[in-house]
Amino acid sequence: MSSKSMAFASAQSTRIQGLLLAVGALSITPAQAGVMGAAPAKPMPQAISITRQAATAVLEKSGTSSCLTGKLTNALLGLSSSCEAQGDRSPICALANQAAVSTSWSMEFMERTSKELLKLSDTPVATTP
C-alpha cells in the first residue's frame, strides 16, 4: 500500500471516528453531560455537602494554602458540574460557576467565597429551569 493511500485511509478513519463522536455527543442528555472535562456529576445534596466541607476547611484553615485551594477548587468544580447536569441556576450554582472560573485564588477570595457558600447552602436549593 502506498503512503498516499495509507494517508487517505487514515484520514477517512479519523473522519468516521469524528462522526461517531458527534453522533454520540448528540445522544447524551444534559443530566449525563455535566461540565466538559469535569468529573461525573454527583447528586446535588452530595455536591453541596462536599462543598460545605471544603468551605469549612478553608475557614478553619485546616491545611496549607495550596491544599485548601485544591480542596475548594475541586469542590466548586464538582458542584458546578452537578448544577449543570441538573439544569440548576440557583444562587449557589451561580456562585460555584463564578468562583470556578476565577483566576484570583487568594486566601481572602477563598474565605469570602467559603462564607457565601455556607450561607447559600443553608437555604433550600431551588432548581430553576
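Mentor: Let us begin with accessible areas, which come from the Shrake-Rupley method with a 1.4 Å probe, and for residues only the protein chains shown count as cover. On that basis the protein chain exposes about 8,200 Å², of which carbon and sulfur atoms supply 62%. This is a predicted model, in which local features need pLDDT of at least 70 and side-chain atom pairs count only at pLDDT 80 or more, while totals for chains, interfaces and linings use all residues. Residues are numbered from 1 along each chain as its sequence is written, and side-chain values use heavy atoms, with hydrogens and water left out.

Trainee: Why is Phe109 called buried?

Mentor: Buried means under 20% relative accessible area, exposed over 50%, and partly exposed in between (1.4 Å probe, protein chains only). Phe109 counts as buried because its relative accessibility is 13%.

Trainee: What makes Trp105 and Phe109 an aromatic pair, and is the pair stacked or edge-to-face?

Mentor: Rings of Phe, Tyr and Trp (its six-membered ring) pair if their centres lie within 6.5 Å, and planes under 30 degrees apart count as stacked, over 60 as edge-to-face and the rest as tilted. Trp105 and Phe109 lie 5.1 Å apart, centre to centre, with 75° between the planes, and the pair is therefore edge-to-face. The structure holds one aromatic pair.

Trainee: How many residues does the largest nonpolar core have, and what makes it a core?

Mentor: A nonpolar core is a set of buried Ala, Val, Leu, Ile, Met, Phe, Trp, Tyr and Cys residues joined through side-chain atoms within 4.5 Å. The largest one has 21 residues, and those with the most contacts inside it include Met44, Leu72 and Met110.
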